[in-house]
Amino acid sequence: MSLKRTKIVDIFDASLVGQQVCVKGWVRTRRGNKNVQFVALNDGSTIKNIQIVVDLAKFSEEELKPITTGSSLCVEGLLVESQGKGQTCEVQAEKIEIYGTADPESYPLQKKGHTMEFLRDIAHLRPRTNTFGAVFRIRHNMAIAIHKFFHEKGFFYFHTPLITASDCEGAGQMFQVTTMNLYDLKKDENGSIRYDGDFFGKQASLTVSGQLEGELAATALGAIYTFGPTFRAENSNTPRHLAEFWMIEPEVAFNDITDNMDLAEEFIKYCVKWALDNCYDDVKFLNDMFDKELIERLEGVLKQDFVRLTYTEGIKILEEAVAGGHKFEFPVYWGVDLASEHERFLVEEHFKRPVILTDYPKEIKAFYMKQNEDGKTVRAMDVLFPKIGEIIGGSEREESYDKLVKRIEELNIPMKDMWWYLDTRKFGTVPHSGFGLGFERLLLFVTGMANIRDVIPFPRTPNNAEF
Ligand code: 4AD
Ligand code: MG
């Protein structure tokens, strides 16, 4: 009769000591001498390994030979208090079944430390490392925190389409979706491609944001959020950009920009607190291994109010810094789209806490943002974070039909694709606001990882769609 398996996360429970247990997992290391061998076994349920003590009086060297790093085992034995340092209990092996071997000559995850670049090349195996186990457990927990936060606040989780015919951000960074034969494209008399024979009967793409459909829902259900994959064909090879990332987009009827800022601040703090409360072992591991200030930075965000100031005030601070001798790579002037170095200067050096910048020049923001009376700025808000720069982008939305149509015309956005969106302003329009949080940017902050490719299991970036 074989025993029921206990997950390693549950094995460190004092009440199990003295009982027969069964654990299953992958070997991290094996060491020892000719009398006794110690196998560190991990099953992914926790950063902690369970130590398996193998008495060579009970097992032959030959039997143990296939137990190498990466091999998979089922072990039955007595759970006892451990004499060794660093663990509370261990299993005295009585029965060992080897599920699968991992040839030390070819299994790439041997004991020595690997670079993050090397691990990216073996993204199919990297979840088996301590680091990526921790990151992906945290990723799961943050997704749960997000749903919990909004559900408890009475927001409805609303599913917006991934295939769309409209460019929400108007930045022309969309991946096209087509079933047309690319070797035989039909063109009209002007030489433009004819999409009437394509699958959707018109040009379609992967979405860059669920916001426009989110607004339809918010002006019906009151408060909604989306949480799904988002696609951007921007050719930015940076540690903060992915071609496929996940975004959370709340949208709330009757909220103005101040309500929107309050929601964003409460939301991020909730997520950070969740990580500290629910993923402490993993966060602590990342803190100790990679980034000794991680926990301090997470706790710091919880303690402080975010600074709120306008783009214009922000530019003034940056200009004063330049006048005082600070060197930026990119120029600073009113109207410029801030670079990450500018955002990080405000957050890390000037204020030393998160900053919400509002009221940006309309030229550098999307068509749907509420226009201010000055005719120059819009009610945008970006939340800027230490080490990250922009973590959230949002705004109060333009609720006036006439102003919105005028802006759409100014920007030459094809009106025929927008009729359904404009109907929200035609029928019972209301003030409303929302924002988008980049899920992987949040994870960069919470895990302290330096590159966004290391917080998503299978990153999609220019020239990379492996796995
Ligand atoms: O500022 P963005 O472009 O805003 C929108 O898409 C709005 N429709 C959101 C809204 O108001 N509902 O993107 C929002 C956030 C950014 O602040 C950033 O965190 C993340 O999405 N983001 C990216 N994350 C990873 N890779 C990329 N290429 C990203 N582009 C944006
Ligand atoms: Mg933005």
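Q: Where does Glu249 lie?
A: Glu249 belongs to strand E11, residues 244-253; strands are DSSP runs of at least two residues, numbered from the N terminus. Residues are numbered from 1 along each chain as its sequence is written, and ligands are numbered from 1 in the order in which they are written. Because the model is predicted, local features need pLDDT of at least 70 and side-chain atom pairs count only at pLDDT 80 or more, while side-chain values use heavy atoms, without hydrogens and water.

Q: Is Glu249 buried or exposed?
A: Glu249 is buried, that is, under 20% relative accessible area with a 1.4 Å probe, protein chains only.

Q: Which side chain of opposite charge is nearest to Glu249?
A: That is Arg397, 5.9 Å away, and Glu249 has no salt bridge (a side-chain nitrogen of Lys or Arg within 4 Å of a carboxyl oxygen of Asp or Glu).

Q: Which side chain joins that of Glu249 in a polar contact?
A: The side chain of Ser209 does so, at 2.7 Å; a polar contact is a pair of N or O atoms within 3.5 Å, and within protein one must be able to donate a hydrogen and the other to accept it, while residues adjacent in sequence count only if both atoms are side-chain atoms.

Q: Turning to ligand 1, how far is Glu249 from a nitrogen atom of it?
A: A polar side-chain atom of Glu249 is 2.7 Å from a nitrogen atom of ligand 1. For Gln211, a polar side-chain atom also lies 2.7 Å from a nitrogen atom of the ligand.

Q: Which element gives the largest share of the shell around ligand 1?
A: E15 does, with five residues.

How values were computed: Helix = DSSP H or I, 4+ residues; strand = E, 2+ residues; numbered from the N terminus. Buried < 20%, exposed > 50% of the residue type's maximum accessible area, 1.4 Å probe, protein only. Lys, Arg positive; Asp, Glu negative; His and termini not counted.
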